[in-house]
Amino acid sequence: MSEPRRAAANELSPSALVERMLSVTCELSDVVERETAFIEAREAHRIAELQAQKTSLANHYAMDVQAITLNHGLIDRAPSEQVARLKSAMRKLEDALRTNALALSAARSVSERILKSVAEAMNERKAPVLGYGRDAAVARPAPGQAHGAAIALDARV
């Protein structure tokens, strides 16, 4: 089911456009903050619940910002206190996005370290015997030198 047609930025009054942007910005901040909370609570699997809403809000936000960037007159006549609230909400969104990026980066780093440890452990177990070492003990490659595990890391986010 598709969303109802969304009015173009130039079809709205300056005040209505600022209110719409304020609403979208606040909703997007909320979604980003919930996503960050999932990561911090080690419930990253729940992020998928938010993706459709986050994508839709981010697209709406981007379209309105682009329209205003191309035509400043779209909000020039909006009340100054309304524009000030929008600017404040946009700063809050920027802060939320910065915090979210840090949380995602930390989670990815932890995941990469875990995956590397698992790969090294698998390599140690599957490492070929190289012969006999001192005291006639079976020699194996040093940890981190074995090759051949079938684990790969896709770094795309």
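Arg-42 is placed in the loop between α1 (14–40) and α2 (51–70), where helices (H or I, at least four residues) and strands (E, at least two) are DSSP runs numbered from the N terminus. The structure is a predicted model, in which local features need pLDDT of at least 70 and side-chain atom pairs count only at pLDDT 80 or more, whereas totals for chains, interfaces and linings use all residues. Residues are numbered from 1 along each chain as its sequence is written, and side-chain values use heavy atoms, with hydrogens and water left out. The phi of Arg-42 is near 60°, a positive value in a residue other than glycine. Most residues other than glycine have a negative phi. Arg-42 counts as exposed because its relative accessibility is 76%, given that exposed means over 50% relative accessible area, buried under 20% and partly exposed in between (1.4 Å probe, protein chains only).

The chain as a whole has four helices and two strands, which follow the pattern α-α-α-α-β-β along the sequence. Of its 157 residues, 25% are buried. Among contacts (heavy atoms within 4.5 Å) with a separation of 6 or more, 64% come from residues 24 or more positions apart.

The contact involves residues of α1 including Leu-17, Met-21, Val-24, Leu-28 and Val-31, and residues of α2 including Leu-57, Ala-58, Tyr-61, Val-65 and Ile-68. By class, this contact has 10 nonpolar, four polar and six charged residues, with Ala, Val, Leu, Ile, Met, Phe, Trp, Tyr, Cys and Pro counted as nonpolar, Asp, Glu, Lys and Arg as charged, and the others, Gly among them, as polar.

On a 1 Å grid over the protein atoms alone, a pocket is an open set of points where a 1.4 Å probe fits, with protein on both sides within 12 Å along at least five of seven lines, and lining residues have an atom within 4 Å of a point; the volume is the space filled by probe spheres set on the points, which are joined across faces, edges and corners. The lining includes Met-21, Val-65, Ile-68, His-72, Ile-75 and Met-90. Two or more lining residues are given by each of α2, α3 (73–76) and α4, and α4 gives the most, with four residues. By class, the lining has seven nonpolar, two polar and two charged residues.
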